[in-house]
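Here are my notes on this one, as a few numbered points. Have a look at the model first, then read on.

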Amino acid sequence: MLVEFIVASGRTERGRSWVRIDPGGAVEARGEGAAPDPADVAFTATPADAAALGNGDLDLSVGFMLGQVKVAGDPGALLHVLPLVSGRRPVVALGELLPA
């Protein structure tokens, strides 16, 4: 599954990264910039919200539910990704999703 994370201020993109996650939740590949293929799910957040995600002040699933993190793509992929990157012991560290 290919997951993309975009940091943007309004319509201005500030950063983009992608991660390919296998079905078990292991990160197979990671890159900066546009994903090599269309993403199964893409998250978009402001720089402030991305910083809060990165330092642990905001959980990704909470940010999604509050509308601070926008999501595009396959709803089934979203339901698979959120448990992998959220909660007290995420399988995939959120820092691996965020642009550098």
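1. A surface patch here takes residues with over 30% relative accessible area and no salt bridge, joining like charges within 9 Å and nonpolar side chains (Val, Leu, Ile, Met, Phe, Trp, Tyr) within 5 Å. A salt bridge is a Lys or Arg side-chain nitrogen within 4 Å of an Asp or Glu carboxyl oxygen, and areas are Shrake-Rupley with a 1.4 Å probe, where for residues only the protein chains shown count as cover. Val-62, Phe-64, Met-65 and Leu-66 make up such a nonpolar patch, together about 400 Å² of accessible area.

2. Mind that this is a predicted model: local features need pLDDT of at least 70, side-chain atom pairs pLDDT 80 or more, while totals for chains, interfaces and linings use all residues. Numbering starts from 1 along each chain as its sequence is written, and side-chain values use heavy atoms, leaving out hydrogens and water.

3. Val-62 sits in helix α2 (residues 60–66); helices are DSSP runs (H or I, at least four residues), strands likewise (E, at least two), numbered from the N terminus. Val-62 is partly exposed because its relative accessibility is 34% (buried is under 20%, exposed over 50%, partly exposed in between; 1.4 Å probe, protein chains only).

4. The five-strand sheet is open and mixed, ordered β3-β2-β1-β4-β5; pairing takes at least two DSSP bridges. β3 (27–32) and β5 (70–73) are the edges, each with a single partner strand, so one side of each lacks a neighbour in the sheet.

5. β4 (residues 41–45) and β5 run antiparallel, joined by four bridges. Thr-44 has Lys-70 in β5 as its bridge partner.
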